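Visitor: Hi! Could you walk me through this one? I'd like to start with the charged side chains.

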Amino acid sequence: MRSLQFSAWPIDRSRGLLILSGTLVLLGIAGFIAVYSMVHTGGGLASLDRLAFQDLLRQRSRGWTIFFAVISTLGSPPWLASIVLISAGLWLLISRDWWRPMLWVAAMALGAATSNIIKHLVGRRRPPLVDMATGANHSFSFPSGHTLGISIFILALGYLLLSRKFSRLKLLLWIVSAALLISLMALSRMYLGYHWLTDISASIPIAVFFLGVLIAVDVFRPRRADVPLRKSSKPAAESIDRQPPPQETPDQR
């Protein structure tokens, strides 16, 4: 098994990364099952769903509604997909690294598909239509697709960047950014009246699960994944053949 070297990274070998990957996968599965069980039985966090929802409704104001509506729109599937595709395309063009942008896009796509599948399997109703601040939404609510999308977005991107060039400052920025973005998106979906507390809580372990899977896939990446794409498709021999012939010098005559 090929080792992956990281500067000051806590786990500097493939075996360690696989242990981390397996741990995240198990935590994600266990966390999701726990939240789903609460929803099914009405206990735990589920008992706080309506209380938390009503508390946020009482805090509504025009300014906060506009702010959270912007946050929610940027995290919606069409907008987030556009941001990811454009960013991944620029990443590919600038760095000629095809593996990491592709892995990022794949994680986002699979996360969106998983969210839709679970929504239809669980079939949970959203909060009342009258409480929805920016228009009616008749789709199912469990889990929150917005929260899942931004969670996979920031967790996957952070790993793909830090795993190649690690620094403690970057790690700190990643943690702060992840906590801020995920919290804002989750709060916006509850504040605007589209999700219960357990809806957004279920999205976090799903994102953790996908992070674990992404790490495992990255560990077993093919060797050619570390080779940047060539800037030109012309073979080197052709460029050599087209070079002008050397000029004769007096000594060669």
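Visitor: Which residue forms a salt bridge with arginine 124?
Guide: That would be aspartate 199, with the closest N and O atoms 2.8 Å apart. Arginine 124 lies in the loop between H5 and H6 and aspartate 199 in helix H8, so the pair ties together parts that are 75 residues apart in sequence. Keep in mind that this is a predicted model.

Visitor: Is aspartate 199 buried or exposed?
Guide: Aspartate 199 is buried, because its relative accessibility is 0% and the cut-off is under 20%. Arginine 124 counts as buried too, at 16%.

Visitor: What else does the side chain of aspartate 199 reach?
Guide: It reaches the backbone nitrogen of tryptophan 196, at 2.9 Å. Leaving aside residues up to four places away in sequence, aspartate 199 touches Arg124, Ser141, Phe142, Pro143 and Ser144.

Visitor: Where is serine 144 found, then?
Guide: Serine 144 is in the loop between helix H5 (99-122) and helix H6 (145-162). Serine 144 is buried, with a relative accessible area of 0%. Beyond residues up to four places away in sequence, its contacts are Lys119, Arg189, His195, Asp199, Ile200 and Ser203.

Visitor: And which peptide bond is cis?
Guide: The one from phenylalanine 142 to proline 143, with omega near 0 degrees. Proline 143 lies in the loop between H5 and H6. As background, most peptide bonds are trans.

Visitor: Back to the charges. How many salt bridges does the count come to?
Guide: The count comes to 5. One of them joins arginine 221 to aspartate 218, at 3.5 Å from N to O. Arginine 221 is buried at 8% relative accessibility, and aspartate 218 is buried at 0%.

Visitor: What does aspartate 97 pair with?
Guide: Aspartate 97 forms a salt bridge with arginine 100, where the closest N and O atoms are 2.5 Å apart. Aspartate 97 is buried, at 14% relative accessibility, and arginine 100 is buried at 13%.

Visitor: Which residue has a positive phi although it is not a glycine?
Guide: Arginine 96, with a phi of about 60 degrees. For context, most residues other than glycine have a negative phi. Arginine 96 sits in the loop between H4 and H5 and is partly exposed, with a relative accessible area of 24%.

Visitor: Changing topic: which residues make the nonpolar surface patch?
Guide: Ile66, Val70, Leu74, Trp79 and Ile83 make a patch of about 440 Å². Helix H3 (62-74) and helix H4 (77-95) are the elements that give two or more residues to this patch. H3 supplies the largest share, 3 residues.

Visitor: How exposed is valine 70?
Guide: Valine 70, which lies in helix H3, counts as partly exposed at 44% relative accessibility.

Visitor: Let's zoom out. How many helices and strands does the chain have?
Guide: There are 9 helices and 0 strands. Of the 253 residues, 40% count as buried. The accessible surface comes to about 14,700 Å², and 66% of that belongs to carbon and sulfur atoms.

Visitor: What share of the contacts with a separation of 6 or more comes from residues 24 or more positions apart?
Guide: Such pairs account for 77% of those contacts in the chain. The salt bridge between arginine 124 and aspartate 199 brings us back to where we began.

Definitions and conventions
Residues numbered from 1 in each chain as written. Predicted model: local features only at pLDDT ≥ 70, side-chain atom pairs only at ≥ 80, totals over all residues. Heavy atoms only, no water. Helix = DSSP H or I, 4+ residues; strand = E, 2+ residues; numbered from the N terminus. Buried < 20%, exposed > 50% of the residue type's maximum accessible area, 1.4 Å probe, protein only. Contact = heavy atoms within 4.5 Å. Areas by Shrake-Rupley, 256 points an atom, 1.4 Å probe, with all protein chains shown as cover. Patch = residues over 30% accessible without salt bridge, like charges linked within 9 Å, V, L, I, M, F, W, Y side chains within 5 Å. Salt bridge = Lys/Arg side-chain N within 4 Å of Asp/Glu carboxyl O. Polar contact = N/O pair within 3.5 Å; in protein donor to acceptor, adjacent residues only side chain to side chain.
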